[in-house]
Amino acid sequence: MAPFNRVFLIVMDSVGIGEAPDAKAFNDIGADTLGHIAEHMQGLNMPNMAKLGLGNIREVEGIKAAEKPMAHYTKMQEASVGKDTMTGHWEIMGLHITKPFRTFPDGFPDALVQQLEEKTGRKVIGNKPASGTAILDELGEEHMATGSLIVYTSADSVLQIAAHEDIVPIEELYEICETARELTLDDPYMIGRVIARPFVGEPGAFERTSNRHDYALKPFGRTVMNSLKDNGNDVVALGKISDIYDGEGVTEAIRTDSNDDGMDKLVKSMDQSFKGLNFLNLVDFDAKFGHRRDPQGYGEALEQFDQRLPEVLNKLKDDDLLIITADHGNDPIHHGTDHTREYVPLIAYHKGIDEGKSLPLRETFADIGATVAENFDVEEPEIGKSFLNEIK
């Protein structure tokens, strides 16, 4: 019988905890998402994460080290060659990515743009790296007047297509993105995600809607989620988790439109009877604050997440395991608008812990996948070392 009947895995998207040993190779010397936010806020107010042991991983302004941490704790470094959402998440579930996804710092090649225009019957405007809100301010009015598609990218391997819901109906936008996905599956493009970015409103007051949809590449191999599902376990994907894995290994997908909504859905799902993995991504940290270089908003979002934690802790059963981690960094004080190559925190909590202890440094995010696999006695990933026996 599995030590834990249910595992709840929360990924605080982009909450890095200091530069990784190979940060220089990614132009990320000095990156420290959590540390720099805490300094900006003159101390982060996160008493619940502090009790779990976040401040025991390393010193963070405002987050004291707990004398008797409730959880086991450490930090993890990424083994794969990337610092994007998909690479981080795929590694968490046991995939080692050795070939980075392509990025397009100068926009997409003319040949791809022409193919997209021919197949969709709509012109393309933009075609450059940009903030999702800034490009609406710049091109939203032209889009509404012409019906042209706003195409842009970021430091991630993404092709994003923005369209006003009154100009390009949602279903058409999704079909356009499916076309773009087909065009960019393989070399020479191999783009990680195509993202539909619908918006509403008038010039000067545009607002993106929750009808976003991601079209990801399928994972390059089987993940622990596949093994769980194949062996009759539940894999409940909250937020953009199902999109990140292109539905692979998912038994139920539940969309969310904010961090708060994600926590609402998580708390609600804890009342359900299931056996397996409940996997939540909290995207606001990354999308709303990290990429927009907003340390104040980021800090407030972290404090709000902390306020919601007791709801989760109170609903945990005796045979539940809670794991809290991240997938990369996105230091809002750092240069550019890119993700940052950082360690990520690892917190593992269950009600049977008398006093939490420091776990050894994890050399790959896949240690989480290996732990989940061992717990449910399914095929373990090729990389990763389970820490199940260290936290029982």
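Predicted model: local features only at pLDDT ≥ 70, side-chain atom pairs only at ≥ 80, totals over all residues.
Biologist: Which residues gather in the patch of negative charge on the surface?

Modeller: Patch members have over 30% relative accessible area and no salt bridge, with like charges joined within 9 Å and nonpolar side chains (Val, Leu, Ile, Met, Phe, Trp, Tyr) within 5 Å. A salt bridge is a Lys or Arg side-chain nitrogen within 4 Å of an Asp or Glu carboxyl oxygen, and a Glu charge is placed at CD. Here, the negative surface patch is made by Glu171, Glu175, Glu178 and Glu182.

Biologist: What pLDDT do local features need in this model?

Modeller: Residues are numbered from 1 along each chain as its sequence is written, and side-chain values use heavy atoms, leaving out hydrogens and water.

Biologist: Is Glu182 buried or exposed?

Modeller: Glu182 sits in helix H7, residues 170-183 (helices are DSSP runs of H or I, at least four residues, strands are E runs of at least two, and both are numbered from the N terminus). Buried means under 20% relative accessible area, exposed over 50%, and partly exposed in between, with a 1.4 Å probe and protein chains only. At 59%, Glu182 is therefore exposed.

Biologist: Which side chain makes a polar contact of 2.7 Å with that of Asp320?

Modeller: Asp320 belongs to strand S12, residues 320-325, and is buried at 0% relative accessible area. A polar contact pairs N or O atoms within 3.5 Å; within protein one must be able to donate a hydrogen and the other to accept it, and residues adjacent in sequence count only if both atoms are side-chain atoms. A polar atom of the Asp320 side chain also lies 2.8 Å from the backbone nitrogen of Lys317. The side-chain partner at 2.7 Å is Arg6.

Biologist: Why is H4 described as largely enclosed, and how many of its residues are buried?

Modeller: At the start of H4, a side-chain oxygen of Asp84 comes within 3.2 Å of the Met86 backbone nitrogen. Its buried residues include Trp90 and Glu91. H4 (residues 85-92) is largely enclosed by the rest of the structure because the buried count is eight of the eight.

Key. Areas by Shrake-Rupley, 256 points an atom, 1.4 Å probe, with all protein chains shown as cover. Lys, Arg positive; Asp, Glu negative; His and termini not counted.
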